[in-house]
Amino acid sequence: MKKWMIFFVIVAALLVGANSYAPQLAEAGLCQALSATLNLHSDDVRVQASPGAKIFLGDIDAITVHANNFQAGDLTFAHFDCNLYGVHFKPLLALADQEVRVTRAESGEMTASIRSEELEKFLVKKVQGLTDPQVSFEDDAVRVQGRVKLGGLVSAQADVRGHFGMKGSKLMFIPSSVTVEGMGMQISTTQMANAEIYDFAEFPLGIQPDSVTMRDGLLTIHGQVSNS
C-alpha cells in the first residue's frame with residue numbers, strides 16, 4: 001500500500017511539473033523554429049494548453065505571437081500579431097530537432113504591418129530602370145517617379161502609379177499605369193512587371209494572406225489559416 005502511495009505521489013508530481021513546464025518548453029521550441037524565418041524574441045511567443053501535459057502528445061490549445069519592429073528576410077515589419085487555435089505538431093520531431101514546427105492549426109488569423117518608409121526603400125530597389133527615384137503614397141495609391149533612359153541615350157521622366165496587393169502568397173507592388181515624357185513626347189502604358197515585396201509562403205505558421213490595406217503611412221496585411 002505504501003509503495004502505491006509513493007507511486008501515485010511521484011506520478012502526481014510529474015503531472016504537475018508537466019503542466020507547469022510543458023508550455024514553457026513549447027514556447028522555447030516554437031521561438032527556435034520561427035527564428036529561422038522571423039527575427040523574434042522569446043517573449044514574443046506564448047503557448048496555452050490545458051492540461052499542459054498534452055503538449056507532449058503534439059497538441060496545443062492556442063499560440064499567440066506578438067512582435068514589434070522585427071526582421072523577416074530583408075523586410076522590417078512594424079507590427080505582427082498572430083493567434084492560432086487547435087494547433088498540432090509532431091512531438092518526436094520536435095524532440096529530435098529541439099524546435100516546434102506547426103504542422104496544422106484548426107483556425108487562426110494574423111495582421112502584419114509595414115511602414116511606408118520601409119516600403120519606399122524596397123520600391124527604390126525593386127522598380128528597375130529608374131534613376132533618382134522618388135516614392136509617394138496617397139491613401140492606398142503608390143507613385144514612383146524617376147528618370148529613365150530611352151534607347152539607352154536620352155533621359156526622360158517616368159511616372160509609375162500602382163498599388164500593393166496579393167498575388168497568391170506574395171505581397172506585390174502592382175503598377176496600373178506608366179507614363180514616360182521625353183523629346184516632346186508622352187508615352188503611356190500599363191505594361192510593367194509587378195514587383196515582389198515579400199513571399200508569405202516562407203511564413204512557418206500556415207497563414208494565407210487575404211487582404212491588403214494602406215492607410216496613414218502603414219501597410220497592413222490580414223491573413224488567416226488555410227486548411228485547403
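What follows is a walk through the rings, then two further residues.

A: This is a predicted model. Start with the aromatic rings. The structure holds seven aromatic pairs. A pair of aromatic rings is described by the distance of the centres and the angle of the planes.

Take Phe-70 and Phe-77. Their ring centres are 5.4 Å apart, and the planes make an angle of 10°. This pair is stacked. Phe-70 has a relative accessibility of 2%. The cut-off for buried is under 20%, so Phe-70 counts as buried. Phe-77 is buried too, at 0% relative accessibility.

Phe-77 also pairs with Tyr-198. Here the centres lie 5.7 Å apart. The planes stand at 85°, and planes over 60 degrees apart count as edge-to-face. The pair of Phe-77 and Tyr-198 is therefore edge-to-face.

Where do these two rings sit in the chain? Phe-77 belongs to strand β3, residues 75-89. Tyr-198 belongs to strand β10, residues 195-199. The pair therefore ties together parts that are 121 residues apart in sequence. Tyr-198 is buried as well, with a relative accessible area of 6%.

Now put the rings together. Phe-70, Phe-77, Phe-80, Tyr-198 and Phe-200 form a cluster, linked by ring pairs.

Next comes His-88. This residue is also in strand β3. His-88 has a relative accessibility of 18%, so it counts as buried. Its side chain makes a polar contact of 2.9 Å with the side chain of Asp-59. A polar atom of the His-88 side chain also lies 3.5 Å from the backbone oxygen of Gly-86. Set aside residues up to four places away in sequence, and His-88 touches Gly-58, Asp-59, Val-102, Thr-103, Arg-104 and Glu-106.

Asp-59 leads on to Ala-49. Leaving aside neighbours within four places in sequence, Ala-49 is in contact with Asp-59, and also with Lys-54, Ile-55 and Asp-61. Ala-49 lies in a loop. That loop runs between β1 (45-48) and β2 (59-72). Ala-49 has 16% relative accessibility and therefore counts as buried. Ala-49 and Ala-62 are 13 residues apart in sequence. In space, their C-alpha atoms are 6.8 Å apart.

To recap, Asp-59 is in contact with Ala-49, and its side chain has a polar contact with that of His-88. Phe-77, in strand β3, takes part in the ring cluster.

Terms used. Residues are numbered from 1 along each chain as its sequence is written. This is a predicted model: local features need pLDDT of at least 70, side-chain atom pairs count only at pLDDT 80 or more; totals for chains, interfaces and linings use all residues. Side-chain values use heavy atoms; hydrogens and water are left out. Helices (H or I, at least four residues) and strands (E, at least two) are DSSP runs, numbered from the N terminus. Buried means under 20% relative accessible area, exposed over 50%, partly exposed in between (1.4 Å probe, protein chains only). Contact means heavy atoms within 4.5 Å. Rings of Phe, Tyr and Trp (its six-membered ring) pair if their centres lie within 6.5 Å; planes under 30 degrees apart count as stacked, over 60 as edge-to-face and the rest as tilted. A polar contact is a pair of N or O atoms within 3.5 Å; within protein, one must be able to donate a hydrogen and the other to accept it, and residues adjacent in sequence count only if both atoms are side-chain atoms.
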